[in-house]
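This briefing is meant to be read beside the sequence and the three-dimensional view. Please keep both open while working through the points.

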Amino acid sequence: MEVTTKSMPYDAWKDNEYIEKLVKELQDSGTNVIIGSLDHLINWGRSNSIWPLTFATSCCGIEFVSLGAARFDMARFGWEVARASPRQADFIMVAGTIVHRMAPVLRRLYDQLAEPKYVIACGGCAISGGPFRKSYHVAMGIEDIIPVDVFVPGCPPRPEAMIYGIMQLSRKIKVEKFFGGVNRQEKQEEFLKSHPIEGIDDAK
Amino acid sequence: MANIQEKIAKLFPEASFEEADTLTITIPDAKWHDLAKTLRDDAELAFDYLVTIVGMDWKDSLGCIYYLDSTKHNTHIAVKVIATGDRETPYIHSISDLYAIGCIYEREVYDFFGIIFIGNPDMRRLFLSIDWKGFPLRKDYDMDPNINPVPLESERQSDFTQMYVEDADGKIVKEEKRVFVENDFVVNIGPQHPATHGVLRFRTAVDGETIKKIDVYMGYIHRGVEKICEMDTYFQTLHFMDRLDYFSAHPYHHCLCMCIEKAANIEVPRRAQVIRVIMDELSRIASHCLFIGTFCMDLGATTMLFYTLRVREQILDIMDKTCGARMTFNYETIGGVIADLDPDFVKDVKALLEVLPKNIKEYNKLFTGNVITRNRMEGVGVLSREDAISWAITGPSGRGSGWACDIRKTAPYAVYDEVEFDEVVRTEGDSMARFKVRMDEMEQSARIIAQLIDKIPEGDIQAKVPKVLRLPEGRWYQTVEGCRGAFGIYIESDGGTSPYRLKIAPPCLPLAAVVDHLTEGSKIADLITIGGSLDYIVPDMDR
């Protein structure tokens with residue numbers, strides 16, 4: 001199965017190994033025809049209308065503004081509905097440095113996103129701390145705080161790179177399985193374990 | 001300068017003088033407040049503008065260097081005060097009663113160095129959380145990430161602030177004070193909010209729709225650039241300038257380069273000087289374009305963003321061809337610029353100059369005269385000239401209040417003294433004035449570029465600079481006109497390959513600090529207008 005989006009030829013994508021791994025996992029688990037077709041339909045809808053959260057801490061955020069404007073025009077892809085509230089958004093594009101004071105805020109924003117939710121780490125700072133690795137107040141990559149689906153390198157990444165990154169995300173959504181996906185970074189049990197609710201034992 | 005020195009020596013016999021880059025007065029802490037009062041109030045001195053406070057750790061002692069300017073006489077002065085007390089509780093008398101901006105500058109020094117300012121009404125940490133261990137810019141600060149790990153729980157908040165006062169016996173007493181009045185209704189705006197232009201947080205005490213007080217909460221993008229610079233060589237410090245105020249990347253680079261060149265006695269070739277000025281002005285146009293776009297978007301005119309970004313993209317293309325990047329250029333370097341101009345540069349810039357007036361006309365037609373615009377902006381957030389100086393509001397915002405504070409005119413650098421341009425000053429002081437100043441400044445920037453574009457001299461683009469650059473011992477201060485106001489760099493060197501202290505004096509910190517003063521008594525909707533018209537950039541104020 002060749003997973004692609006926006007009529008881009010399959011060979012034009014780089015790093016196809018990961019998506020082939022996901023496809024294999026999907027095929028090995030086995031699904032019946034009806035559920036499989038439903039999955040296909042739902043994924044088609046979801047992957048073509050992923051809405052970002054307006055979340056920008058620094059330089060990368062300005063490139064994200066450029067992405068929204070007429071020249072790069074993310075409306076072509078169905079991502080233009082940037083939401084100011086995390087409850088209405090599908091993914092966070094972490095555009096910029098995350099520092100100590102911001103880390104709990106980012107975690108809360110992620111927790112507030114409605115399922116299914118995705119994260120794109122955009123730019124060197126969000127990936128690893130980038131130019132500020134030596135700093136005393138910068139989180140060395142957001143993976144310690146929230147799970148990440150796609151990394152977009154650059155400082156800041158050009159809008160084209162951001163488009164490519166979000167397209168990769170939409171490709172990942174295409175191979176998702178209904179009711180708990182294969183490509184969710186954070187499995188449900190893990191999430192419940194890290195967020196215990198008083199009086200309820202998740203182990204059962 | 002000589003008569004300033006004579007006058008102060010007569011009044012304060014304990015002061016000592018040092019003729020360095022700027023005349024530096026050293027004064028004991030006990031006399032500092034009196035000296036500051038004299039410096040500000042004496043008509044012959046009239047140092048009414050507090051440029052910055054540089055906190056210092058000289059290993060054996062802690063202290064501050066205050067940079068003061070006189071807006072009347074256009075003179076500069078530095079005052080060095082060494083903190084009394086031991087390293088555990090060093091203290092200096094506060095001057096926040098004389099300069100409104102002093103309060104926030106002193107909080108910054110307290111946050112980084114732990115120097116307590118006696119008499120400052122709000123002695124909290126500014127960028128770091130209240131549970132932070134240690135003072136990061138001290139030389140003996142332990143950087144071990146295990147001491148201050150990345151927190152995953154929400155930060156502890158306090159409704160109280162501290163104030164240190166001297167009692168009758170001269171003992172320092174700590175007092176607890178409330179930030180807001182008890183039972184105030186406090187609304188939290190930010191850090192994740194589309195109208196705060198980045199991750200800034202306002203704790204807003206409201207009475208119905210009316211704002212009573214705003215507590216500006218910063219540090220959501222504090223990256224500790226000053227500390228990292230102390231660990232890097234001079235060449236390595238340059239690229240951080242791109243990432244502070246990412247719209248003024250060129251002017252900020254220009255500032256740091258000039259400061260280092262001044263210290264190392266490097267003569268910059270004329271071709272590089274001209275290229276630098278053209279790049280500065282191009283980024284000013286691009287920056288103001290984005291300001292207009294986002295500001296109008298905040299006020300509900302979303303379409304304006306698309307119109308203004310059209311010009312911005314055109315400028316970014318020009319920069320992209322020459323510098324190889326769209327935003328973080330790292331183009332100006334010590335001794336000149338890093339690469340020669342693109343062959344198409346002159347042609348592209350001329351094409352830009354041709355379309356720019358049409359675009360500005362279009363912006364005015366679409367937005368400036370609009371009834372809603374005028375109702376929302378005229379008379380909103382009025383800042384008087386005196387307040388602008390006291391709050392150190394420079395740049396287009398200060399000029400909107402009638403303060404002619406353009407560094408390009410008051411202390412011309414590079415080739416600014418050879419070009420003709422008008423300093424745009426308006427006297428209304430409201431949001432509309434701040435908006436119009438930026439609109440007119442774009443035309444002036446275009447005028448500067450038009451004068452230079454045909455006269456870029458041939459020659460070298462970079463002076464000979466040693467690969468391993470060491471600055472002699474000493475300290476230097478340099479300002480330039482960034483896109484949002486006066487940007488300053490302070491370097492103190494101990495003769496090594498990296499700065500002993502590199503202080504960044506950003507224009508946006510005062511811009512955010514003044515929000516409380518401007519919004520008092522206005523409606524919540526006006527906060528958006530006022531914040532937008534001040535045009536602060538959060539990574540710039542937080543550093």
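Which residues touch the most other members of the largest nonpolar core? In this predicted model, they are B:Tyr66 and B:Leu282, in a core that counts 209 residues.

**The nonpolar cores**

- In soluble globular proteins, nonpolar side chains tend to be buried together.
- When neighbours within four places in sequence are left aside, B:Tyr66 is in contact with a list of residues that includes B:Trp32, B:Leu50, B:Ile77, B:Val79, B:Ile92, B:His93 and B:Phe117.

- Of the 204 residues in chain A, 50% count as buried.
- If one takes the contacts in chain A between residues at least 6 apart in sequence, 78% of them join residues that are at least 24 apart.
- The contact between the chains takes 41 residues from chain A and 53 residues from chain B.
- The size of an interface is often given as the accessible area lost when the parts come together.
- For chain B and chain A this buried area is about 3,900 Å², and 64% of it lies on carbon and sulfur atoms.
- B:Gln192, B:Arg223 and B:Arg326 supply 17% of the area that chain B buries against chain A, which is more than any other three residues supply.

**The largest pocket**

- The largest pocket has a volume of about 940 Å³, and 38 residues line it.
- Among the lining residues, those nearest the centre of the largest pocket are A:Thr54, A:Val65, B:Pro194, B:Thr294 and B:Met297.
- At least two lining residues come from each of three helices, namely α3 (59-68) of chain A and α7 (270-298) and α8 (303-323) of chain B.
- By residue type, the lining of the largest pocket divides into 23 nonpolar, 11 polar and 4 charged residues.

**The cavities**

- Rolling a probe the size of a water molecule over the atoms shows where empty space is left.
- A search of the whole structure finds 5 cavities of 30 Å³ or more, and the largest cavity holds about 90 Å³ of space.
- The largest cavity is lined by 13 residues, and B:Tyr49, B:Val51, B:Tyr105, B:Ala486 and B:Pro506 are the ones nearest its centre.
- Strands β3 (49-57) and β16 (486-493) of chain B each supply at least two residues of this lining, with β16 of chain B giving the most, 3 residues.
- The lining of the largest cavity has 11 nonpolar residues, 2 polar ones and no charged ones.

- Not counting residues up to four places away in sequence, B:His288 touches B:Pro396, B:Arg438, B:Glu441, B:Met442 and B:Cys483.
- B:His288 and B:Ser154 are 134 residues apart in sequence, and their C-alpha atoms are 36 Å apart in space.
- B:Thr479 belongs to strand β15 (residues 474-481) of chain B, and its relative accessible area is 19%, so this residue is buried, given that buried means under 20%.
- With neighbours within four places in sequence left aside, B:Thr479 is in contact with B:Cys255, B:Met258, B:Ile407, B:Tyr413, B:Phe487 and B:Gly488.

**Backbone details**

- The peptide bond from A:Cys155 to A:Pro156 is cis, with omega near -10 degrees, and A:Pro156 lies in the loop between β4 (150-152) and α6 (159-174) of chain A.
- B:Ala46, although not a glycine, has a positive phi of about 50 degrees; B:Ala46 sits in the loop between α2 (29-41) and β3 of chain B and is buried, with a relative accessible area of 10%.
- B:Arg543 has a positive phi near 60 degrees and is likewise a residue other than glycine; B:Arg543 lies in the segment after α18 (538-542) of chain B and counts as buried at 2% relative accessibility.

Terms used: Residues numbered from 1 in each chain as written. Chains lettered and ligands numbered in written order. Predicted model: local features only at pLDDT ≥ 70, side-chain atom pairs only at ≥ 80, totals over all residues. Heavy atoms only, no water. 1 Å grid on protein atoms, 1.4 Å probe; cavity = no way out; pocket = protein on both sides within 12 Å on 5 of 7 lines; lining within 4 Å. Points joined across faces, edges and corners; volume = space filled by probe spheres on them. Helix = DSSP H or I, 4+ residues; strand = E, 2+ residues; numbered from the N terminus. Nonpolar A, V, L, I, M, F, W, Y, C, P; charged D, E, K, R; others polar. Core = buried A, V, L, I, M, F, W, Y, C linked by side-chain atoms within 4.5 Å. Buried < 20%, exposed > 50% of the residue type's maximum accessible area, 1.4 Å probe, protein only. Contact = heavy atoms within 4.5 Å. Buried area = accessible area lost by both parts, 1.4 Å probe.
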